[in-house]
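Colleague: I am new to this structure. Could you show me how to read its strands and helices?

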Amino acid sequence: MSLVQGLETCSADFGDGIEFTLIAGERALYVDGDLQAARRWFDDAYRMAQGENNATAMARSALGLGGVWVHEHRTTVEAGLVRMRQRHALAAIDARSTLALRLRARLTGEEDYRNGEHAAIIKIVAEARRAGDAQALAEALSLAHHCLLAPEHGMLRADLAEELVAQAGSTGRRGDLLMGLLWQTVDRFLAADPHAERALEELRSRLDQHDHRAVGFVVSAMDVMLAVRTGKFGQAETLANVAAERGSIAGDVDTTGWYGGQLGTIRWFQGRIAELVPVLLEMVNSPMLSAVDNSYFAALAVASAAKGDKRLATGMLARLRGRDLADLPRSSSWLTTMYGIVEAAYLLDDTETAAQAYQLLSPFARLPMIVSLGVSCFGSTRHALGVACLTVGDVDRAVEHLRGAVQDNLALGHWPAAVLARWRLGQALARRNGPHDEAATRELALAQEEAAELGMVLPAAPESRATIKSKEVGRCRRHGRHWQIDLNGRTVLVDHSVGMRHLATLIANPGCEIRATDLAAGPGMAEGESDTGQPVLDEQAKRTYKQRLAQLQAEIDELESQHDLGRTEALRAERDWLVDELAAATGMSGRVRRFTGSEERARIAVGKAIRRALTRITEADQIIGEELRTTVQTGLRCCYRPADR
């Protein structure tokens, strides 16, 4: 019997038309996955039920209007209307009924999703288990999975998907099984499971038997991701158009956003992301984007920075950072949003944003950066961690992450991401070991060869980090409370700080690697080690400082007795500064102060101090500051490495 014949039979059986319309909507939604048709049927059914004051029919209609995904209604007016209908219907039926439980699950899932939370919908899942209704539980499980697409929720998602597949046999609805299999496939891709494509093929075989438009659209989007991974950009673009057409037929509101994201991914790996600035400017504020999706802001930041529009790029980054970058909702697009933030920060030399992004991404180093339900993939998170380290100048750690990213991307079968990670690895090695380093040359050459085969244009390092031939090696000299830096005929004077002390030692020893622990320990070296050539506070200086302290204290005592507060305050300031200097150089009983803690603590402390000093230098003289950022590396071993060293 055809669908039309079946509906005609329903119409004859339920003469009033409401039941006929409801069954048509439920078939469209739960069997065919036709979201567009389902919305029309349920809207008609709701109006009919409202006219006849049929509370049960109103509730079924309002429930169906929610669809199979969360947040299917994007505009404020449309979403508000559906939410009002659902709440009105819920108030009109028995609160203890299964239908009421299903409506509460829908409303709760929508609310949790918009707020980036999941606790309330998880409670509804537990309630549905106790109620024992298979359909209510299946719907609650799928809604909960939607709200748990952040990278830290992998294990919980997997449990929900497994339970949904098991529960689908009891619901009598084919769509529940397909949703369960889809969620399992998505979870495996998000976890970099090597068997993810097996799950995809099982799902595809089910769809071949009978199509489900909503699930089929997601599968077609995954095909785009896999084509990009193989480096077949032309094929990927063709498949993206096919997927967009399928999404439009299904009535999926993510169609436009997903297509734009896929095109952006393709252009990024082709080295053509700057071309998309006009399109992204139109898309970035589209009401059709998810309420918790910030990836378009990040994409526009990268594209505009690559195009040279630093003002627009900086504005997009500022919008993303808000009061705190950690406040960005952990949605299904969070990882890829962070990828864009890191790349934009690298292009803009935004060390503060890069450092914060590094901290947020570190727990997810082993995960791939995948958009939404497998729509697109940017490769290993370790790539973004490596780029963040390059931005802040921690070259040792950048090399470590980028080397790992190459391996991760090869395991994913993501060839463009592997090539890009290898390119950045070569740049990091060149910064650490010099432009003629054999390993750097090898990685860069291999990346260029593979990029040419795939039709990729590799990004150049930002100008401020490109190798600059210095006219001379810098000099750094102490003048009381200030340091004078001379470089390429320019001079800048900056206040004393711990970071300046470290920087002075490095500049005095160009090309020499000095351990962060030695820098952190301050003046004086471990027994058997050679002097760095820049004693910041030698024994003669310490004796002079102590003599001056005694003289100052005597003068302060005399002036206090004379109630000369003005001169007393000035002498106290000088005394306090001298005390700080001696405290920095010596410990108890006048011994040389050693840094207490591990090499890792020293690396972090020294790196932060040097970066703060470089920021102050850049504020005073941008040219000197930028060149020092290029030539000073931090990490477990630190070094001032002018271009000719």
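Modeller: We will go through strands, then a helix pair. Keep in mind that this is a predicted model.

Colleague: Which way do the side chains of β1 point?

Modeller: In a regular strand, side chains alternate between the two faces of the sheet. In β1 (residues 368-371), Pro368 and Ile370 point one way. Met369 and Val371 point the other way, and all are buried.

Colleague: How does β1 pair with β2?

Modeller: Strands of a sheet pair through backbone hydrogen bonds, either parallel or antiparallel. Here β1 and β2 (residues 376-380) are antiparallel, over 3 bridges. Pro368 has Ser380 in β2 as its bridge partner. The hairpin of these strands has 4 residues between them, and Ser372 takes a positive phi near 50° there.

Colleague: What is the strand order in the open sheet of 3 strands?

Modeller: The order is β6-β8-β7, with antiparallel pairing. β6 (514-515) and β7 (632-633) each have a single partner strand, so one side of each lacks a neighbour in the sheet. β7 pairs with β8 (residues 637-640) over 2 bridges. Val632 has Tyr640 in β8 as its bridge partner.

Colleague: Now the helices. At what angle do α19 and α20 pack?

Modeller: Helix α19 (residues 351-361) and helix α20 (residues 381-392) pack at about 145°, with axes 8 Å apart. The crossing of α19 past α20 is left-handed.

Colleague: Which residues meet there?

Modeller: From α19, they include Ala354, Tyr358 and Leu361. From α20, they include Leu385, Ala388 and Val392. By class, the contact has 9 nonpolar, 3 polar and no charged residues.

Note on methods: Residues are numbered from 1 along each chain as its sequence is written. This is a predicted model: local features need pLDDT of at least 70, side-chain atom pairs count only at pLDDT 80 or more; totals for chains, interfaces and linings use all residues. Side-chain values use heavy atoms; hydrogens and water are left out. Axes are lines fitted to C-alpha atoms, for helices over the stretch in contact, and angles run from 0 to 180 degrees between N-to-C directions. A crossing is left-handed if the near helix is turned anticlockwise from the far one by less than a right angle, and right-handed if clockwise. Contact means heavy atoms within 4.5 Å. Ala, Val, Leu, Ile, Met, Phe, Trp, Tyr, Cys and Pro count as nonpolar, Asp, Glu, Lys and Arg as charged, and the others, Gly among them, as polar. Two strands pair if DSSP finds at least two bridges between them. Buried means under 20% relative accessible area, exposed over 50%, partly exposed in between (1.4 Å probe, protein chains only).
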